[in-house]
Amino acid sequence: MTSDSQLRVEPTSEPVAPEQRAQIHVEPGFGRFFTDHMVTMKWTPQADWHDGRVHAYGPLLLDPATAALHYAQEVFEGLKAYGHDDGSVWTFRPEVNARRFQRSAHRLALPELPEHLFLDAVDSLVRTDREWVPHGAETSLYIRPFMYASEVFLGVRPAQHVTLCVIASPAGPYFSHGPEPVTIWLSTEYSRAGIGGTGAAKCGGNYAGSLLPQRQAAENGCHQVVFVDSAERTWVEELGGMNLFFVHDDGTLVTPELGGTILEGVTRDSILTLAAEFGLKVDERRVSVEEWRDGVANGQIVEVFACGTAAVITPIGALRWPGGEVVGAVDEAGEVARMLRRRLLDIQYGRAEDPYGWMHRVC
Ligand SMILES: *Cc1c(COP(=O)(O)O)cnc(C)c1O
């Protein structure tokens, strides 16, 4: 493929040896190993985006007064590159990530990276490090673009110097033995997002606030935490980093409606589209904790699952809260979760036609 990239490629002089890379590919896990290169690009109001480069992966040298370290003016994205059987490499709906990155940046008063530069940065890194794309079942190269206030200044205002980075990390299958149901902790004490807050932006600060409730979830034997709305403490929103779906016995797929406090997942949106293929009706609306609890107990809700790029679809086996629990009828992934998961993966890995034009060929 020809490249009309605006990024300068400066190959590393010390790439990881092929044998060592092969070793990493045996069991990459998630987010533990990184490829040979990274992308950086700078922004100032005067020069706009400039100095885009693909260069050796390595530590950032940060002045202690770097604004992001103090005021958390930072946003990020997460997407994957998939190796197909013919050796080609593809990303999934990267333009949707590019646009969400712009919305997140807007909310955090960061500059909006033009869509073509986002795609250029991601594609250039994946092309340069294409040997790092794993080819085993359900493996991928996880790509993490992020942008932070790199201005050295302790005054509180939007930074006048911003840095974009893109790094990539080989990822193994999320579930080694097929999707296994998780238990979810209902946080009654803490919120993830409030009206007018940053809940719809993909920013590090949201995650920082979710770590204490996440720790409480673990202390209560749960894998993940689910947050409810901060005003009424009634309406289910999402997990710390995944959106939620409920399958009703009448064939309706229900998901909490967006409204500023929920992150608009690419996986969520794709599932809403795929639902029609399986004859499922979709309903984006408010879902109360009570509806979840009673629905699972009385069989009206037949499946609950969470979704996001990293794990694709994770079945939820039980909901636990201080002093109570409701357990789903089956202790494995439900049929709808399995069908949707299979369908999505078949498109992503090129095993099925892509009728929606979702796949983007990188190299
Ligand atoms: C990234 C993220 C998701 C999932 O989004 P995808 O685009 O499907 O990966 C859901 N919730 C939060 C809070 C997130 O940060």
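Contact here means heavy atoms within 4.5 Å. I am working from a predicted model.

**Entry 1: α6 and α8**

I looked up which residues of the two helices meet. Thr-267, Ser-270, Ile-271 and Leu-274 of α6 are in contact with Leu-340, Arg-343, Leu-344 and Ile-347 of α8. By type, I sorted the residues of this contact into five nonpolar, two polar and one charged. Next I looked up the geometry. Helix α6 covers residues 266-274 and helix α8 covers residues 335-348; their axes come within 11 Å and cross at roughly 105 degrees. Angles of 65 to 115 degrees count as roughly perpendicular, and α6 and α8 are therefore roughly perpendicular to each other.

**Entry 2: α3 and α4**

I noted the crossing of α3 past α4 as right-handed. On the α3 side, the contact is made by Pro-94, Glu-95, Asn-97, Ala-98, Arg-99, Phe-101 and Gln-102, and on the α4 side by Glu-115, Phe-118 and Leu-119. The residues of this contact divide into five nonpolar, two polar and three charged.

**Entry 3: the ligand**

Which residues come nearest to the ligand? I found 15 residues around the ligand, of which Lys-202, Tyr-207, Glu-238, Thr-267 and Thr-309 come nearest. Thr-267 is also one of the α6 residues that meet α8.

An N or O atom in the Lys-202 side chain lies 2.7 Å from a ligand oxygen. For the side chain of Glu-238, an N or O atom is 2.5 Å from a ligand nitrogen. Val-266 uses a polar backbone atom, 2.8 Å from an oxygen atom of the ligand.

Note on methods. Residues numbered from 1 in each chain as written. Predicted model: local features only at pLDDT ≥ 70, side-chain atom pairs only at ≥ 80, totals over all residues. Heavy atoms only, no water. Left-handed = near helix turned anticlockwise from the far one by under 90°. Helix = DSSP H or I, 4+ residues; strand = E, 2+ residues; numbered from the N terminus. Nonpolar A, V, L, I, M, F, W, Y, C, P; charged D, E, K, R; others polar. Near = heavy atom within 4 Å. Polar contact = N/O pair within 3.5 Å; in protein donor to acceptor, adjacent residues only side chain to side chain. Axes fitted to C-alpha atoms, helices over the stretch in contact; angles between N-to-C directions. Parallel < 35°, antiparallel > 145°, perpendicular 65-115°, else oblique.
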